[in-house]
Amino acid sequence: MGSRTLRLGLVGAVALTAASFTASATAAPAPTGQGHRATREAMDAAVEDGVPGVAGQAKDKYGTWKGTSGVGDLRTNKPRSAHDRYRVGSITKTFVSTVLLQLEAEGRLSLDDKVDQWLPGVVRGNGHDGTRITLRQLLNHTSGIFNYTADEEFGRTFFLKDGFFKHRYDTVTPERLVRIATSHKPDFAPGTSWNYSNTNFILAGMVIEKATGHSYGDEIRRRIIQPLGLHATSVPGTNPKVPQPSSRAYGKLAETATGPTYDVTELNPSLAGAAGEMISDSGDLNRFYSALLRGKLLPEAQLAEMKTTVKVDEIPDAGYGLGLMEHKLSCGTVVWGHGGGIHGSSSEAVTTADGRHSLSFNFNGDWSGSSEAVIEAEFCAK
């Protein structure tokens, strides 16, 4: 669920390999009770591996722990803050899925509805057929719909250096993203296999808008952000800025990780949309996933649906539910959550099934460092 999740995330068009530079490491002081020493050491190791900086928070029976390592600005060497806001990439998917499941609980739609029932004619072309794909298959990535971020031209336009600096402020509509996807053949017939596709959640966002008359961002704000008091969490739409407090975000904008490093903090997040546009901080993510797993956002039946997983061969000991991943760690502990990658930002948010032990953190670089090691350190260190 760690760095492997990033490879499944929005930055999938860019090769993510070992890094070529290091930054100095600084760690926040340990609180009383559990010191989270192993977690701090794993964060430091990520910085030694080339991640500019790491910021995170854990919440357990001892209270809230905040940790940082490395820098938030390579130009000024300003350290990262545990209160940094950052782009969370595909962690957005859990918020979107939660809204759709709430709508199902209210009787406003069924996850067994076909996509075409809500978006007539939208999923068509080259073998794609929205009359054969259910909303559930969107949320658990069994639809077979091609992943638009795997389109080569899209990759050149938004992930590689020349295209990114020319198009970073462009607004991209959901309809255009779906058209890019359906210009390719499907990956497989609906329901016959599993493949991570950002297109699925672009469509899920469109279904929310059709079912409610409001944008999926407005529904996330009304149903999740405001009730939980997630003051650092936002759905930015087309706004290219990351609110303060925040650090800079860095990427290679290349298919290798050996070249120059670029500041990629500002971008129009419509290129990610309902698949990955949100901004949050570690404290808010812990609060969200803890509330979700404790049943505060969904009735029991819908939470059970969300936690019904499909095996993911690409990630050992993992399963994908409805916008939510299950991962069994080396020590046997099972955590639920999601990872997210977008330009210059790699994030993870996980919690135990009872919602009592949560960890969320962010790397402000997208080409190196082991997220998996940080998660293992927090939940499995003796």
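Here are legends for a handful of close-up views of this predicted model.

**View 1. Ser197, tucked into a loop.** Start with Ser197, which you'll find in the loop between helix H8 (174–182) and helix H9 (198–212). With a relative accessible area of 0%, Ser197 is buried. Its side chain reaches over to the backbone oxygen of Phe146, at 3.2 Å. Leaving aside residues up to four places away in sequence, Ser197 touches His141, Ile145, Phe146 and Asn147.

**View 2. Tyr196 and Tyr320, a pair of rings.** There are 10 aromatic pairs by the count used here. In the one shown, the ring centres of Tyr196 and Tyr320 are 6.3 Å apart and the planes stand at 85°, so this pair is edge-to-face. Tyr196 belongs to the loop between H8 and H9, while Tyr320 is in strand E10 (residues 318–320), so the pair ties together parts that are 124 residues apart in sequence. Is Tyr196 buried or exposed? At 6% relative accessibility, which is under the 20% cut-off, Tyr196 counts as buried. Tyr320 counts as buried too, at 0%.

**View 3. Phe361 and Phe363, a tilted pair.** Here's another aromatic pair, Phe361 with Phe363, and this one is tilted: 5.7 Å from centre to centre, with 45° between the planes. Both of these residues are buried.

**View 4. A cluster of rings.** Tyr148, Phe154, Phe158 and Phe159 come together in one aromatic cluster.

**View 5. The nonpolar cores.** The largest nonpolar core has 76 residues, and Phe95, Leu109, Ile220, Phe288 and Leu292 are the ones with the most contacts inside it. Which helix gives the most to this core? That's H9, with eight residues. Zoom in on Phe95 and you'll see that it touches Ile220, Ile224, Leu230, Thr233, Met278, Leu285 and Phe288, again not counting residues up to four places away in sequence.

**View 6. Lysines over tryptophan rings.** Look for the charged end of Lys252, which sits over the ring of Trp367, 4.8 Å from the ring's centre. A second example is Lys307, whose charged end sits over the ring of Trp336, 5.1 Å from the centre.

View 7. Side chains of opposite charge can pair when their charged atoms come close. The structure holds 17 salt bridges, and one of them joins the side chains of Arg156 and Glu152 (4.0 Å, N to O). Arg156 is partly exposed, with a relative accessible area of 46%, whereas Glu152 counts as exposed at 62%.

**View 8. Lys161 and Asp162.** In this salt bridge, the closest N and O atoms of Lys161 and Asp162 are 3.7 Å apart. Lys161 is partly exposed at 34% relative accessible area, and Asp162 is exposed at 62%.

View 9. The side chains of Asp218 and Arg221 meet in a salt bridge at 2.7 Å, N to O. Both lie in helix H10 (residues 216–228), three residues apart, or about one turn of the helix. Asp218 is partly exposed at 37% relative accessible area, as is Arg221 at 29%.

Note on methods: Residues are numbered from 1 along each chain as its sequence is written. This is a predicted model: local features need pLDDT of at least 70, side-chain atom pairs count only at pLDDT 80 or more; totals for chains, interfaces and linings use all residues. Side-chain values use heavy atoms; hydrogens and water are left out. Helices (H or I, at least four residues) and strands (E, at least two) are DSSP runs, numbered from the N terminus. Buried means under 20% relative accessible area, exposed over 50%, partly exposed in between (1.4 Å probe, protein chains only). A polar contact is a pair of N or O atoms within 3.5 Å; within protein, one must be able to donate a hydrogen and the other to accept it, and residues adjacent in sequence count only if both atoms are side-chain atoms. Contact means heavy atoms within 4.5 Å. A nonpolar core is a set of buried Ala, Val, Leu, Ile, Met, Phe, Trp, Tyr and Cys residues joined through side-chain atoms within 4.5 Å. Rings of Phe, Tyr and Trp (its six-membered ring) pair if their centres lie within 6.5 Å; planes under 30 degrees apart count as stacked, over 60 as edge-to-face and the rest as tilted. A charge sits over a ring if NZ of Lys or CZ of Arg is within 6 Å of the ring centre and within 35 degrees of the ring normal.
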